[in-house]
Every structure is written in structure tokens, then in C-alpha cells.
Amino acid sequence: MDDLLADFLTETNESLAELDVALVKLERAPDDDDTLALIFRLVHTIKGTCGFLGLPRLEHVAHAAENVLGRVRDKLLPVTPEIVTVILAALDRIKEIVEGLATSGTEIQGDDTALVEALDAASNGRTPAPASATLAPIVSAPVVSAPVVVAPVVVAAAPPPPAPVVAVAPPPAEAPPPPAAALPEQAPEIQPESAAGPQTIRVGVDVLEDLMTLVSELVLTRNQLLQLARMQEARNGEPSGFTVPLQRLSHITSDLQEGVMKTRMQPIGHAWQKLPRLVRDLARDVGKKIELVMRGAETELDRQVLELIKDPLTHMVRNSGDHGLEKAEIRRAAGKPETGRITLNAYHEGGHIIIEIADDGAGLPADRIRAKVLSKGLATEAELAGMNDNEIQRFIFRAGFSTAAEVTAVSGRGVGMDVVKTNIEKIGGTIDLKSVPGRGTTFTIKIPLTLAIVSALIVEAAGERFAIPQLSVVELVRARLEAGSEEDTSPMVEHIHGTPVLRLRDRLLPLVNLGDLLALPATAGSDRSAHVVVVQVGVTQLGIIVDRVFDTEEIVVKPVAPILRHITMFSGNTILGDGSVIMILDPNGIARATGATSAASADRKGERDASEGHALAAGSHSRTAMLLFRAGGQEPKAVPLGLVARLEDLARDRIEFSAGQPVTQYRGKLMPLVPLSGAIDPAAERHAVLVFSDSSGTQERSMGLVVDEIVDVVEDHLHIELSGDRPGLLGTAVIAGKATDVIDIGHWLTMAAQDWFRRSDNASGSAGQQRLLIVEDSDFFRQLLVPTLAAAGYHVTAAREANEALRLREAGVMFDAIVSDIEMPGIDGPALVRQIRAAGPWAQLPVIALTSHASPEHIEAGRAAGFTDYVAKFEREALLASLKQCLAAAARPAHGASFAHAA
Amino acid sequence: MTTTLLERPSLSGPAEAGDGDATFVTLTVADQLCGIPVLGVRDVLGEQTITRIPLASPEIAGSLNLRGRIVTAIDLRRRLSLPAPPEGAERMSVVVELAGELYALLVDQVSEVMTLQTNSFEQNPPTLPPQWSEFSAGIYRLQGRLLVVLDVGRLLSIGPLLRGRA
């Protein structure tokens, strides 16, 4: 591609973005001659340049659009929404052709006849109404609207059109600087009428990126030099000859850093450019009247941050228009102006930029969210009872949540605010909301100005140093580890069942020991006090216990090597002034990790007392081995490895069909195959198959789940965010740092054989159903256990936590046996069984413990607490056998304490 | 500090000594002579300060600072399931580049750059212990000793995403 064409593409893309904004403005203010003149000029320029470059198709469309605009300008035609729509359609076509140009370097083929006819009709004063209806399919048909960033070669020649270049302000010495990057309103003045000499020059983004990297290195080197000089001075006791030039170097470096940072700054208005058009189209689509007000568009922030918040912002504005604002008649009935208003406001506050997205709609309906939360199983009735409306409204940030009762084309697909929140947190930002019924909702986003250099607190745990981004640090607290003298008034670290907490200003702060969390060997210290770094993660606070706290330092965040990316505890690494490499902690990752380990750490203390050697194992306590695979899509899916009997790789010719169902001969039998993606790809040479088998009773039954590819086996914390609306999926969990669908094996097993769970080989059915109570906090295991046990002929009741179980006892509900998890938040398994054994109607019931780790110490502790038996999680057969045995023993006078299965 | 033996070998260097010949940086791990294709080598370092990385795979010794770049260090002995080096033994590293990232392979000793003839190259003998055959791209017969050509790509396939497959 030649330079001329590259320049044309850049310029045209900017003009197109401006045109979108201007046209919407024109529609609202049809008499605004300046806007009309601007639009005409821009279209005219595009047309003129295409003629010059020999782009006939583009010229044709632009020419037809210009004709219409010319007549509008000459007041021969009124500005109507129909005219604006047909012009916008023409702009969309131009955009498509330009995109095609950027990728292929030549004009792509296509038919513009209908569009041009519609434009001509409009210019002749005929209403282009029928045309506008048929325009939509034509617009999307001929061109693949592929993302513009394709082959690197093309990118090198012509930067991708959407804002590929930032304009750089001239050095301040020469002239009073114009705003660093040309604002949309100023751009036309600067470009065609640059008689006074160029005020801005175009610089490729990669040049600026390289510059930034170099400056970052320079800053680090300067820090190193300063440290060396200080050391030398301290040694010699006198300033060395380097002191003065070093100071100067230091200043210049700081100025340079600031200057380079400035070149990266762009007004946030750039991220808003597409919004007026979007809101206009949205208003048309959903039949509402919407006004978009944008304030603080000139507020500048780092372009890297800008790129990252563009999509979340767009999504939120769309959400506000679609869900937030009511329809005109409802608004009128409520005594509000018919036109709903979405306000975007941006301003600086400290080292942050605050962006508010406000609507004056109906507000978030707390009661509907509440109902949704309950139905989705995101929280229990009891938990919700303790929450205020604001806390309930925040559930919209949870994965798999969508308030829209009906899914509209615009939004409401269930991936929404949680994605927004994740993306904002990824760049170290926070998001909060405030909603008043009938008055509207305001979202407040707080993000750092830049990501390149951050201030970090350096701490030490178990002899290793780590950096914590200052942005998330709320305060530092010195706490006692043991009760000391009377006059020491500092707060003390207390333990609730082994979990450390801190009483901080009438509030209980959850604590996590950094050394334990990172599985570092504990240093033998007789420290009686600890430093607690209080960090803010979303709306919650968390205290991180460290051994020492050093200084804060400006650090340049560098991504960790790809082979370390799976460790979610770190957000990057950096080099300190003394030249040493240090890992940067990710408070979000730590919070996620502790959410899972908090319950596990309860019995960790006992374990540590029992054997010192287990200390390391404690770190990976509540992890579950998951098999990751792909089927029908790129996104990973997972199933607990413990459920998979074998993995097979079947050649195509081994797959046969029996009564239309795919089967394979497997170990002398026919095994039904179920393709997870719906159909077996006939083109694939080989198929990866997960074999699930059930060998209880006399016969072995197997089923093969056909997937596209087996990706991996990972050990991770299994944290399922439920989304029960898709059959075959238990929900979504973050596994190995990626959102992963966890499949519901029960669903697929029944697809292979309707009676998979119904065959019952224990004779309990005849003796009347025996009643079981399952106490299990993990949604996933509960969902797995209940159908399994129900299939085996038991009548199953499930409780989510110990208190729920105890309430059932108080309500007089009776069971034949109880199966309980060990690690649960609140009252854990051993505590529950102690309460059961203490008194009441359940005191003699067999209680079976489910655990992910059955070491002799655990079993002994379990026996002491009163458990009848211990069974490892996922051991379906062992659990069924144990239940049979326990129930049989319970039928006899003394309830037996058989620990046969665990041993 | 840093001992730089070679800096970004140019294409006109010994790498193109003869047709079909190949040039290697030779090193020893637990007395076994190994070679890494010289074009993939960016640096050779002496003993370094290495920051440990908690929760990382045991083969990952940590990260080190190479002139302002952070380099992940892989302990070759642990990667090859070999016994740990004697206490206090000084170790060297060979810095290699893979997909734009630098990695330092911690070895016992880096010796010299050798150009070897293709006719002395052999495929892995089938009896090679699995920890070697997994990472060996073949063997060169030298006078009196054998040189194992290390497959850097496979050596660096560490992490949960690739371990389950093996």
C-alpha cells in the first residue's frame, strides 16, 4: 500500500468518526448551518480524494451522499430523520469500503445500486422510506466487516484506522500549546486551513510505545544510579563528583518521563465518539427518546487505558438506554420529561480519572434483582435478609446475571456488567453504582490515569520481597499476634476457628498471611507483632499479613513470562532501584484465592500442629483437578478429573452408528457416544473421547463424551458461578485464569442412556425410601451429589450450610443418615457433627464426612468429632457403599464406627 | 556480575561455517555435555542473583535482571530430573529467546562454541532415558564424548497448560 493511500485511510476514518457525531447533532438542531457546512465539507473531501486516488466505488457512494447534502445545505430539502438515516447508511457503506481498502489495499467488489438509488430518491425530494427499510440487509451483506488489524505486514504499512495515530503537541516553548490531541471540533480548522504551519505532526503509536519503554528503562537505570551514589557517599562520608550531574540527570529523566507520558494522553472524548450515533440508533430500535449529554470530554488519560475502557463504556451506555430508561409513555405517566437522559461525566481526582454514567430512568429494581439472585442461587434468603438495597443492586456485577426479563437484541444476554467489572478491575479500577427508585442509576468508574508506571508498596514475607500496587492499599495497621502487655493498645490478630481476623474500628477484617498464601516456608521468627496491609478489592477489604513493610517505589509494571501466567496471585513483575527483580501482587487474585481457602484454613491449623511437613500441602488444599477440553467453540470447558474414567482417542472408522446413535466398540462392548457439540464432525480424522464409566453392581456401563480437543489437566480452586439456564452446564468457573464452562455430567449421562441414574442395584426401594440429608456448601458438589444419591434410591434433602441443616433439626425433620462436607464457611463439618451428637433427635444418626483429603490425621480428628465414616469426594461408589453399610449398622442397636473406606 | 561471552551473534558468524554444519554453544549439566543452537542464544551469564517465584513450577528457579529485562530462569538439572548440584556450586546460565521472551537456562558450566558436522549427527537412541529423550533433538558423536542437542522449545514448555499432556 502506498503512503498516499495510507494517509487517505487515516484521514477518512477521522472524518467518518466526526461525521457520525455531526449528523446526530444536525438531526437534533436542523437549523445549525455550521454543522451542516462541516458535514458537507467532510463528505466533499472524501469524494474529492477518492476521485483523485481512483476509487470509483467509494466516489460513487460519496457523490450520491454529497448530492443529498448539497440540497439540504441549499435549503431545498428539510433535515428529516429519514434523510439523516439514509446519509448514515451511506457513511456505513463508505466505512465498509474503507475497511476493505485497509485490509486488501484495493476496493472490494459490491453492489451499491440500492443505496445510491435511495440517496438519489432522497435528493429528488422523494421520501426514501422504503429504501431505508431495505437498506439494512444490503449494508451488512457485501462486506465481511473483519477487524481491521489483520496481517502484521499491513499494519506496519498502514496503522489500523480507528484512531491509529495521536497528534503530538509541539514543544511548549514555541507557542501556546493547543490541546495535545486535536479535539473533534478543532480538527477541521487545523487540517484544511493550516496556513500557519503545522501545529501537530502524526506519529505512529508504535514509535510512542517504544519511546515509553525506553523511558521506563531510563527511569529504572536512574534509580539504580542514585542508589549506587548514595551508597558510595555513605561509605566515603563525602559527596562524590557524580552528585551534581546525577541530580541533573535525575531531573531530566523525570521531565522526559512526564513528557513522554503526555504524548500518550488522549482526551476521553475519543472513547465517546461513537456513542452519539449508538444512542441515536438505539433510541430508534427500542422506540425511546434518548438524549446523550457528555461532559468533560477533554479529560485526558493514557491511551492504553482509553482503549481498555472503550468497550465497557459502550456497553454501559447501551445498558442505560436499553434497561435504565423507560419508554416515553411510562415516563410521561411518572411525571418526567418524555426524553430520557444519559449523562457521561469525566473528571480527574487525584491520580485517577472518574467516569460517571448516569441515567434518569427508573432505577434498579431491588426486588426483582432479589428474586433473580434467589432463583439463580447466587445467595440465600438469609444472606439477602441482611443486605440493604445497594448491596442487592450490586449483584448485577455478578457473572451470569441479567435483569432484563426479556432478552433484547441490544443487551440482556447475561454477559454484561460482570464483564464490565472484570475489565475495569483488570486495569486496577473500581466500579460502583448508586440507584434511586424512579430517579435513575449512576455508575461510577474510577481508573488510574496510566498503567505504565505505578506506585507500589514494597513488603516482605518469609524473607522474600513483593510489591503491592499503592492504588489498592487503603491503610497499614500494626497488629499484635498475641496478647501482650496492658499498655499495648494496637489491635490483636484473633482467630475464628483458625482463620485470622482483625478487629479494626468496630469491623471484622478478614486476614490472609502472605507467607502461607504463597506457600513460602515460614521463617523462624519470634515476632510478636505483624504488619497488616489493608487492601480494597471491589467493595470488600482484606488484610494481608506481612513480616515487614519497606518504602513505596515507582515501578514499571512488566508482564510476567508466559510460563508464569497461570499464577493468578501476581499481576506482573518489575525491577527495583537496587536492580533486583520483584513480583507484583494482584490483590484481586489474592482475594479470589482466599475466598476459596478461607474455609479450608479452618482445619489447617490442626493439621499443622499434627505434622510440620504438611505445611506446604496446605496451600493447595481446596484445589480440584479439572480436565479442560474444547467442544463446539474455542472457549474451554471443564469437568472434574475424578469423574472421568479414561481418555480415548478414537479413529474415525471406529465410530459406528446403531439406530442413528453413534457408538463404538469398547472393551468388547458397545459404548454409546455423545457429542458435546451436538454432532460428530464427519471430517475429523480422530476424536477425543472422555469415557465415563460406572462399574458398580454386576455390569460395567460406559459412555463416551466426544469433544473436539483435550486441552489440559489443571489443579485449581473450583468456584462455580451458577448459571442454571443452559442444560448440560453446571455453570462457569475461572479455571487457570480463564472463564470456563463446567459441564454437568449427569445431563450427558442421561442423554446416553435414559436410565443411567434410575437403575438401582441396592434393594432399598422395596424397604421404603431412606432419607438423606446432604450438607454441602459448594453448589457444584451439591448438584453432583443430589442426583447421584437420588438415583441410588434415596430421598435426598440438601442444605447449603450447617445452620440450614440445624434449622431442619429444630423443625423436627428426621433423616436416616447425614452426609456432610468438612470444609464449609461458618460452622464446618466437625463442628456440625459435634452439635448433632450433643443432643437432639439426630444424635444417633450415621454421619458421613465428605472430604477432598483423607489423611490418617483427618480421619482420627473426624472420628473424635463424631463422624461415622469418611469418604473422599467424587468417590461415588465408596459413598454408596458406605451409606449402605452405615444404614445397615444403624439399624442394629449400636451405631458402628466403621472407618473402613477411608483406610 | 554479567560475563558476556557473545552478544547477538550475527548471521555471518561461525553459524554458517559450512554447508549442513551447525554451530552450538556447549554446556554441561551433571557431567553431560549438551549443545544449544548458537542462533537461539542471546547471552551467557555467570552466577546471578535470582528472585524466587512462589507457586511456580519447581523447574522455574526464579527471575533475574538482565540489563533491565526480566528473564525467567529455568533450572536445567531440575527440568531434566537430575540431582541438585553440590551445595555452593557456582552456576552459569545460557540466555535463550523464545517467542520474544528471554529465558535463562541454569547449567553447571558453559564451555565453548563448536561447529559440528552433520555426518556425526544421530537420532536419539531408543534406549535414552525418557527425561533426556523428551528434550533431546539428537546426539553428536564427538571425539571421546557425546553431545546432546537440547530442544529449547520443549525445555520451556513448562506450566500447567502443557504438563497434563505428557
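I began with two helices of chain A. Helix H4 (residues 81-104) of chain A packs against helix H5 (residues 113-123) of chain A at an angle of about 150 degrees, and their axes are 10 Å apart. I kept in mind that this is a predicted model. I then looked up the hand, and the crossing of H4(A) and H5(A) is left-handed.

Next I listed the residues that meet. H4(A) brings Ile83(A), Val86(A), Ala89(A), Ala90(A) and Arg93(A). H5(A) brings Leu115(A), Ala118(A), Leu119(A) and Ala122(A). By class, I find 8 nonpolar residues in this contact, no polar ones and 1 charged.

I stayed with H5(A) and asked which of its residues are buried. They are Leu115(A), Ala118(A), Leu119(A), Ala122(A) and Ser123(A). Seen down the axis of H5(A), the buried residues fall within an arc of 135 degrees, so they line one face of the helix. I noted the background: an α-helix has 3.6 residues a turn, so residues three or four places apart point the same way. I also checked what comes just after H5(A): Gly125(A) has a positive phi of about 90 degrees there.

**Chain B**

Chain B has 166 residues, and 38% of them are buried. I looked at contacts in chain B with a separation of 6 or more; 56% of these join residues 24 or more positions apart.

Then I traced a sheet. In chain B, 6 strands form an open sheet in the order S8-S1-S2-S11-S10-S9, with mixed pairing. Strand S8 (109-116) and strand S9 (121-122) of chain B are the edge strands, each pairing on one side only. I followed one of the pairings. Strand S1 (residues 22-29) of chain B runs antiparallel to S8(B), and 6 bridges join them. I looked up the partner of Thr28(B) in S8(B), and it is Gln109(B).

**Where A touches B**

How many residues does each chain give to the contact? I find 26 residues from chain A and 21 residues from chain B. On the chain A side, helix H9 (205-236), strand S19 (570-575), strand S20 (581-585) and strand S29 (709-717) each supply at least two residues. I sorted the side of chain A that touches chain B by class: 17 nonpolar, 5 polar and 4 charged residues.

Technical notes. Residues are numbered from 1 along each chain as its sequence is written. Chains are lettered from A and ligands numbered from 1 in the order in which they are written. This is a predicted model: local features need pLDDT of at least 70, side-chain atom pairs count only at pLDDT 80 or more; totals for chains, interfaces and linings use all residues. A residue is buried if 20 or more other C-beta atoms lie within 10 Å of its own, exposed if 12 or fewer, and partly exposed in between; C-beta atoms are placed from the backbone. Two residues are in contact if their C-beta atoms, placed from the backbone, lie within 7 Å. Helices (H or I, at least four residues) and strands (E, at least two) are DSSP runs, numbered from the N terminus. Ala, Val, Leu, Ile, Met, Phe, Trp, Tyr, Cys and Pro count as nonpolar, Asp, Glu, Lys and Arg as charged, and the others, Gly among them, as polar. Two strands pair if DSSP finds at least two bridges between them. Axes are lines fitted to C-alpha atoms, for helices over the stretch in contact, and angles run from 0 to 180 degrees between N-to-C directions. A crossing is left-handed if the near helix is turned anticlockwise from the far one by less than a right angle, and right-handed if clockwise. The arc is that of the directions from the helix axis to the C-beta atoms.
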